[in-house]
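I set out to record, entry by entry, what I looked up in this structure.

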Amino acid sequence: MDLNVSSLPTWNNLDNADVAKQCQQFAFINNSIIALSCANTLLTRNNLSTQEKNQAVELYNHSLQQLVNLVLQQRTLDNLVVKVNGLNLAKQKHRLVLTSAFNILEPRLKVTEFGELGVLAIRERDNTKKGQDKFYPSEGIFRSVNFQFDSLTVHNGKYVLKLHAAELSSATDITKGNNQYQQKYSPAAAYLSLLQKADIDNFSVIGVIHAAKAEFRRGVFAVEPISTTKIPIIMIHGLNSDPIIWRYLTMVLLNDQQLSNHFQIWHLYYPSGPPPFFTSMKLKQSIDDLLSSINQPNFTDDAVFIGHSMGGIVTNVLTTDSEYALWDAAFIDRPEMFEEKPDRDLENIFIFKPIFKHNTVFFLDTPHRGSEVATSTIGYFSSALVNLPQSFLGLFQNFTSKIGLEKMTKAMQPFMEGPNSIQVLRPGHPLMNALNELPIAGEAYSIIGTENDLHCLSDSDCSNISDGVVNYNSAHIDQAKEDIIVPSTHNSFQSEQAIEFIKSKLLQLIK
């Protein structure tokens with residue numbers, strides 16, 4: 001990079017075409033500093049042709065990236081002083097990396113950058129676990145940072161280059177002269193940085209077998225800045241799983257500017273050993289806490305829920321008004337009739353209302369009527385490995401010891417000695433049967449996986465469709481507005497067809 005410092009060139013008396021030529025000359029001799037200043041000057045000019053504008057944008061971004069790279073690598077040049085305003089780059093526990101330096105390990109995780117002007121980096125900072133930080137992933141908080149040219153002067157024989165950096169998560173314009181340009185930003189790039197550090201998948205098996213050891217990771221986690229105006233898309237994994245299963249769907253949604261501008265994505269994690277009704281109660285508390293932190297009385301009444309497998313059962317609970325249907329399936333008397341009042345958490349397991357008034361729900365591979373696998377040898381063996389946390393067991397043991405099993409319905413009595421999630425997913429469970437009869441507060445869609453045919457026209461044909469864990473008869477629900485069958489071995493969250501189906505329905509919501 002040529003750094004022979006002299007007075008700065010002026011372009012006041014040149015027309016746009018001549019300025020564009022001079023900019024290219026500075027680019028040719030690899031003087032990124034003057035090339036950047038020249039390109040910035042051109043971007044301020046009136047009546048730019050499309051070619052001149054595109055040339056100026058390209059040179060501006062290319063030259064700026066070279067200089068930002070110097071800053072991030074903490075390299076210095078004798079005749080150059082760089083000052084960055086807007087962000088304290090020296091702040092401890094903050095790390096920045098250019099998005100151009102990303103190593104994309106999976107082809108399906110490509111990043112789309114929105115906007116046209118600036119250089120993108122991703123800023124990472126540690127999660128303090130305080131305030132709203134507790135609603136972001138424990139692995140860290142990642143944000144898209146845009147660098148822009150501010151000014152260039154010469155002082156004491158040195159170039160003094162001032163840049164401006166700002167965290168951006170939505171479309172933001174920058175004014176140069178009388179012209180406006182959209183600054184670059186990328187929610188998907190920030191999410192990809194999170195994925196490269198994520199360790200939540202280490203808690204998939206632990207969450208089933210030793211739920212108490214994974215309890216500290218339970219919660220709802222925004223993968224981008226929490227918005228007071230965007231509709232939440234809440235993704236809920238299934239048994240022996242974790243939020244990383246949603247990486248392909250999340251990237252597709254973040255890479256679509258319309259969807260990214262309209263929705264925000266929240267991932268839920270929970271230890272999946274305890275039954276889904278207990279899990280739903282705990283997750284509802286987490287979502288309520290997040291909504292309280294937003295503290296906006298006019299926050300949207302709409303939400304999108306996407307649940308896979310047992311996560312679909314949790315989704316069903318979070319989007320349904322149970323009234324007394326589940327309580328009556330378990331107990332012969334209503335709560336107010338007991339001398340010993342049930343614990344509030346216990347009552348909330350059986351009696352619940354939807355969190356949002358209107359929900360759009362996507363069920364993926366969901367065993368609404370249970371799974372035969374849960375009754376198989378593998379199911380019984382897996383069930384025996386589950387160690388339920390005392391926080392769950394105590395709820396039932398304390399209450400049933402006070403009221404006696406005779407106050408339980410005959411159908412429920414066998415399940416009150418601390419049932420785990422696998423036992424609840426056996427066909428015929430009374431709470432599953434009761435839940436399956438309740439209407440969802442909104443519209444539902446079903447995505448049903450199959451290892452066999454992709455179409456069925458009769459009940460007998462449909463009964464042959466299964467993804468190896470959940471069959472069609474269990475995954476299909478009459479109240480679904482539409483359903484599709486996709487190739488799947490109980491992993492429809494990976495299906496490009498399923499993801500495109502979800503994306504198309506979300507785009508319809510915003511039209």
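**Entry: two helices in contact.** I looked up which residues meet between two helices, and found that Tyr 248, Leu 249, Val 252 and Leu 253 in H7 meet Ile 499, Ile 502, Lys 503 and Leu 506 in H19. Contact means heavy atoms within 4.5 Å. Helices (H or I, at least four residues) and strands (E, at least two) are DSSP runs, numbered from the N terminus. I noted that the axes of H7 (residues 247–254) and H19 (residues 496–509) come within 10 Å and cross at roughly 35°. Axes are lines fitted to C-alpha atoms, for helices over the stretch in contact, and angles run from 0 to 180 degrees between N-to-C directions. The crossing of H7 and H19 is right-handed; a crossing is right-handed if the near helix is turned clockwise from the far one by less than a right angle, and left-handed if anticlockwise.

**Entry: basis of the values.** I noted that this is a predicted model, in which local features need pLDDT of at least 70 and side-chain atom pairs count only at pLDDT 80 or more, while totals for chains, interfaces and linings use all residues. Residues are numbered from 1 along each chain as its sequence is written, and side-chain values use heavy atoms, with hydrogens and water left out.

Entry: I looked up Asn 240, in the loop between strand S9 (231–236) and H7. Its phi is near 55°, a positive value in a residue other than glycine. Buried means under 20% relative accessible area, exposed over 50%, partly exposed in between (1.4 Å probe, protein chains only). His 490 lies in the loop between strand S14 (480–487) and H19, and its phi, near 60°, is likewise positive in a residue other than glycine. His 490 counts as buried, at 15% relative accessibility.

**Entry: disulfides.** How many disulfides does a search of the whole structure find? It finds two. A disulfide is a covalent bond between the sulfur atoms of two cysteines; here it is taken as a pair of cysteine sulfur atoms within 2.5 Å. Cys 23 and Cys 38 form a disulfide with their sulfur atoms 2.0 Å apart. This pair links distant parts of the chain, 15 residues apart: Cys 23 in helix H1 (residues 16–28) and Cys 38 in helix H2 (residues 32–44). The link of Cys 23 and Cys 38 is left-handed, with -90° about the S-S bond. Cys 456 and Cys 462 form a disulfide, also with sulfur atoms 2.0 Å apart. The torsion about the S-S bond of Cys 456 and Cys 462 is about 85°, so this disulfide is right-handed.

**Entry: helix H2.** I found that twelve of the 13 residues of H2 are buried, among them Ile 33, Leu 36 and Cys 38.

Entry: Four bridges join S6 to the antiparallel strand S7 (residues 179–182); two strands pair if DSSP finds at least two bridges between them. Asp 173 stands opposite Gln 182 in S7. In this hairpin, two residues lie between the strands, and Gly 177 takes a positive phi near 65°.
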